[in-house]
Amino acid sequence: MPVFSYLAIPKSGAKETLCTELANLEHCRIMPADNHEVVVVVTDTPDIATEKVLQETLTGLQSLQSLSLTFGFDDN
Amino acid sequence: MTITIDRRRFIQSAAAGSAIAAAGAIFPGISFGAWPKVAGNTGVVSWQKTPCRFCGTGCGVLVGVVDGRAVAVKGDPNCSVNKGLCCMKGYHSVQALYGTDRITTAKIRKNGEMVEVPIQEALDLVAAKLKETRDKHGKDSVAIYGSGQWTIPDGYVASKLFKGCLSTNNVEANARLCMASAVTGFMTSFGIDEPMGCYEDIDHANVFITWGNNMAEMHPVLFSRMLANRKRRTNVKIIDFATRLTRTSQAADTSILFRPQTDLAVANAICHEIIANDWVNWNFVNEHVSFHKGKTNIGYGTEDHFAFTDQDEAISFEEYKKFLADYTPERVEKISGVPAKDIKYMAALYGDPALKVTSFWCMGMNQHTRGTWINNLVYNIHLLVGKISTPGNSPFSLTGQPSACGTVREVGTLTHGLPHGVVMNEHDRQMAAEIWEVPVANIDPKPTYHTVEMFRALDRGDIKFIWIQVTNPMVTMPNLKRYREGAKKDDRFIVVSDVYPTPTTDVADVILPSAFWIEKEGMFGNSERRTQHFAEIVKPPGEAMSDTWQIIEVARRLGFEKQFPWSKEDYIEKIWEEYRKFHAGPKHEMASYQVLRARSGVQWPFVNGKETRWRFNPQYDPACTNGKDFDFYGKKDNRAWIWARPYEPAAESPDSEYPFWLNTGRVIEHWHTGSLTRRIPVLHNAVPSGYVEMHPEDAAQLGVVNGEKVRIISRRGEIVMPAQINGRGVPPRNMVFVPFFDESYLINEVTLDAFCPISKQPDYKKCAVRLEKA
Amino acid sequence: MMEKKGSEKWAKAVPGLLALSFLGLLLVTGREARSVEGLDNFDHQGKKLYEAGEATPEIYLSADSGDRNLASFYELRQYPGSPPRIPHKVDLSFSGNETDCLSCHAKGGYSPEFGKFVPVTPHPENSLCYQCHVPLTEEKPFVASDWQSIEPPRLGRSFLSSSPPTVPHSLQLRENCIACHTGPGAVAEIRVAHASRGNCRQCHVPAVQTDELREFQRK
């Protein structure tokens, strides 16, 4: 069960879009900041395969400017 | 399984935490919040006072309002009840306004379906049906059933309409299920209702004895005041006298367990010891006490049309002493299971002249088939040693609803009651007729049905129209199945005023949307004779209307404009000032509307601008006139009455077929039937479901572990629910405990509708059940 | 198991934390119990604050684990100032006796069980903890709620560019500033760097009021 967290910074003016897109992803929890253009993303996937797919999806999001890893954890 | 989930959640939150910490380092001043935000919030919060909506403690709370919405709560530091501290229900109370299934429009039943209609149309129907039923079936075929959550004006207009205008005494309130025995206890012992002491007793007493009363969960603000006192003063003890171990037992210095119903025997044994050791306060007893006995073998009221009238007979002290001879601690040990040494210990605490003793009780003593008796017996103890009506010496009967005292006991919204006195008394009827501007002949001198009998009458068809406000009898009536079937019968017409859908609105023919708590102006009255005003702080949603105004609308449709002339702008003030006339005089004087508006609660009697904290004591109570150190002016002989009341068994006790006691009650998170607290996310998510609490050995014998289903079967019905073992409460062997807040587990289908023959209050704490693994 | 792994991770992420935790334990055992005042006159407890400050060693005042932050702080609350939920598992039979909650939350320090520094209660005189604080045992609501509240106070709001910020919340039940604003269990964003100065309200003015003010009129 890999668990990761990131700070996601949206492209200018795209915070709402980014939040919607992230919220629609499985294994993904978000916490948008109230007063800054930044979103906390926590992912928790059942296995490595799903994790890989999710990471690809994340980095492929159009509304995303940058994604920085802040925490990682894996049982194995 | 659970461990995995917790672990994942822990790691997830650690992950989120470190991301947020990183964000905080990159963007100073960044903020997050877990709740949805009020749009366009200016940050200016206006704080307004109100009593809490829940229990009878009557904590003052301040509600924070932004843009017409209640957004926060804090304890009211100006309110002497709680001095700025609330409990979890108070702090989250305002969330109960915002469940998304609020009833905001009226609904009427058309061809079996509930259809939304304008509220005026629904009120037309209510008035028409009421009139039609009354014309066709007589004046006593219509009824109103309210509650201790009615505001004082709600109860007052209900009584005025039904008793004064419609000439029926079919006015009852759920407080019958909750403090009727407290009332008859006060009336028989003192001749006047409500506690002589006040919460300040807690700051003076050395010994607290809780009689069947889990105060730590039910009256937590008062309980923590006791704990604070124990910490601050070294000479304070808390004795928990109970039938099961609870959080109160855990915090108490000593916990003494007794078998259900045997509190009667133990109380008598304490008096026996007080006399045997000559701890009697003779100066007090000779001056201020008289001795009496009443009928015995008085029955349990399980049959329809049960009637009982007690008859008092004066006895001498010697006769009383002889009566107590049966109650030696050793003999009572056999009945009660309480070791004789523990009985002697409690007697010694009451008897020690150096100790100030306060007794607290609530439903354990009131929901009791000998509820009036056990109230009398605890007063006996305090009277024998003269520990009463002085700071710290107090037999204190607590209430469970915010206005059980204010609306039901003071306004008299019970079948025999009037705002002053009782319908049986000619003078009281005249007073009511005069103030209400109705002919005195309108007020029927004969009481009709008490609550259990009222629902029996509904089942039988003697009552065909009932209007239920602010309460949920289809969860709370004992032996529930009979009364639900009765309410559903074809030609019964049920009107329900409420704020959320409940099992009671499910049986309604008309649902009226009510304004909730601070969505209207009103007053509550708490356990210590304190009247507490609250203004309309936020607007009611949709067509929701105060219960008072609903009754006024119907009264006017029935042609009583003269009795209900008020305008929407100031009706609460006008009603209060009219009601206040009933209580003129030093024994019961109420504060004016202006004073109530300005203060965080005012204690009555409020005489010459002063609150009365200890009644019957001339140092504090201006109604005392006999020139002595106490004046028990409620009784004609100016004395408090000690009653010889024997131990009699419960209506139904465990036997070989049904070997367990069933005890029911509450938990701190939920209030009553949970229709409000379950809509408060924090509280629901802490205790989301009902359960049956079992002794670990009983559970092992039955072969159930925590969370497994148990079938509870009584002679009335059965229910399947999850077991809780070694939870916050532990019953003794052969007892189970079930909280009643969860409407998906209707435990009252299992309980028995036996009641105290004097108070007519049912016993929810004792009936016999057997258990099966489900 | 969980705790061990969790703390190992933390130890890697924050060097020196283990050393700090050792320090925390020392502090717990080394400090005397605080004197306890009643609830009366809740807003006049400067003495309490003073004593708490006195009793807290300098090093503790400046320690920072950085693992508690405003987001997790507010996530446990329903509105600014509401009693927080209990964020960890509690024993079903947890009684709320002083020995249970206050054994950790009265004085703080490092909890090996949770792998974290414990937040300190600002009102240790209230010992019936479950009167206000509830755990979370179920996430699904009974019915949906339309609850809304206000924004938490913004940080760093001073009236002049260089003046000390005001106290943006009520002091009721939170008179002891150092409980939340100092030490390794403090909330990272609102931790003060100058906790040793002790008398917080010398410079920081509460900007919240309860009673309505009377209109000012010079006679």
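Among contacts in chain A between residues at least 6 apart in sequence, what percentage join residues at least 24 apart? The figure is 67%, where contact means heavy atoms within 4.5 Å.

This is a predicted model, in which local features need pLDDT of at least 70, side-chain atom pairs count only at pLDDT 80 or more, and totals for chains, interfaces and linings use all residues. Residues are numbered from 1 along each chain as its sequence is written, chains are lettered from A and ligands numbered from 1 in the order in which they are written, and side-chain values use heavy atoms, with hydrogens and water left out.

**View 1. Chain A has two helices and four strands.** Helices (H or I, at least four residues) and strands (E, at least two) are DSSP runs, numbered from the N terminus. Along the sequence of chain A they follow the pattern β-α-β-β-α-β. The radius of gyration of chain A is 12 Å, close to the 11 Å from the globule rule for 76 residues, so chain A is as compact as a globular protein of that length. This radius is taken over C-alpha atoms, and the globule rule is 2.2 Å times the number of residues to the power 0.38. Along the principal axes, the C-alpha atoms of chain A fill a box of roughly 40 × 20 × 15 Å. Of the 76 residues in chain A, 45% are buried. Buried means under 20% relative accessible area, exposed over 50%, and partly exposed in between (1.4 Å probe, protein chains only).

**View 2. A:Asp74 lies in the segment after strand E4 (64–73) of chain A.** A:Asp74 is partly exposed, with a relative accessible area of 24%. Leaving aside residues up to four places away in sequence, A:Asp74 touches A:Met1, A:Pro2 and A:Ile48. The C-alpha atoms of A:Asp74 and A:Val3 are separated by 6.4 Å, although these residues are 71 residues apart along the chain.

**View 3. Seven strands of chain B form an open sheet with mixed pairing, in the order E5-E4-E17-E16-E15-E6-E7.** At the edges stand strand E5 (113–117) and strand E7 (171–173) of chain B, each with a single partner strand, so one side of each is left without a neighbour in the sheet. On average, neighbouring strands of this sheet are turned by 20 degrees against each other, direction ignored. Two strands pair if DSSP finds at least two bridges between them. Strand E6 (residues 142–146) and strand E15 (residues 465–469) of chain B run parallel and are joined by four bridges. B:Ile144 has B:Trp467 in E15(B) as its bridge partner.

**View 4. Helices H18 and H22 of chain B lie across strands of this sheet.** Helix H18 (residues 451–460) lies across E6, E7, E15 and strand E16 (493–498), running at about 135 degrees to E6(B). Helix H22 (residues 547–557) lies across E6, E15, E16 and strand E17 (510–513), running at about 155 degrees to E15(B). Axes are lines fitted to C-alpha atoms, for helices over the stretch in contact, and angles run from 0 to 180 degrees between N-to-C directions.

**View 5. Strand E13 (residues 357–361) of chain B is mostly covered, with five of its five residues buried.** B:Val357, B:Ser359 and B:Trp361 point one way from E13(B), while B:Thr358 and B:Phe360 point the other way. Strand E8 (residues 207–211) of chain B pairs with E13(B) in the parallel sense over five bridges, and B:Trp211 stands opposite B:Trp361. Strand E14 (residues 394–397) of chain B also pairs with E13(B) in the parallel sense, over four bridges. Here B:Phe360 has B:Phe396 as its bridge partner.

**View 6. Strands E18, E19 and E20 of chain B form an open sheet with antiparallel pairing, in the order E18-E19-E20.** Its edge strands, E18 (522–525) and E20 (602–603), each pair on one side only. Four bridges join E18(B) to strand E19 (residues 530–534). B:Gly525 stands opposite B:Thr531.

**View 7. Over all chains, the count of disulfides is zero.** A disulfide is a pair of cysteine sulfur atoms within 2.5 Å. The sulfur of B:Cys271 is 18 Å from the closest cysteine sulfur, in B:Cys756, too far for a bond. B:Cys271 is buried, with a relative accessible area of 0%. For B:Cys624, the closest cysteine sulfur is in B:Cys198 at 15 Å, also too far for a bond. B:Cys624 counts as buried at 14% relative accessibility.
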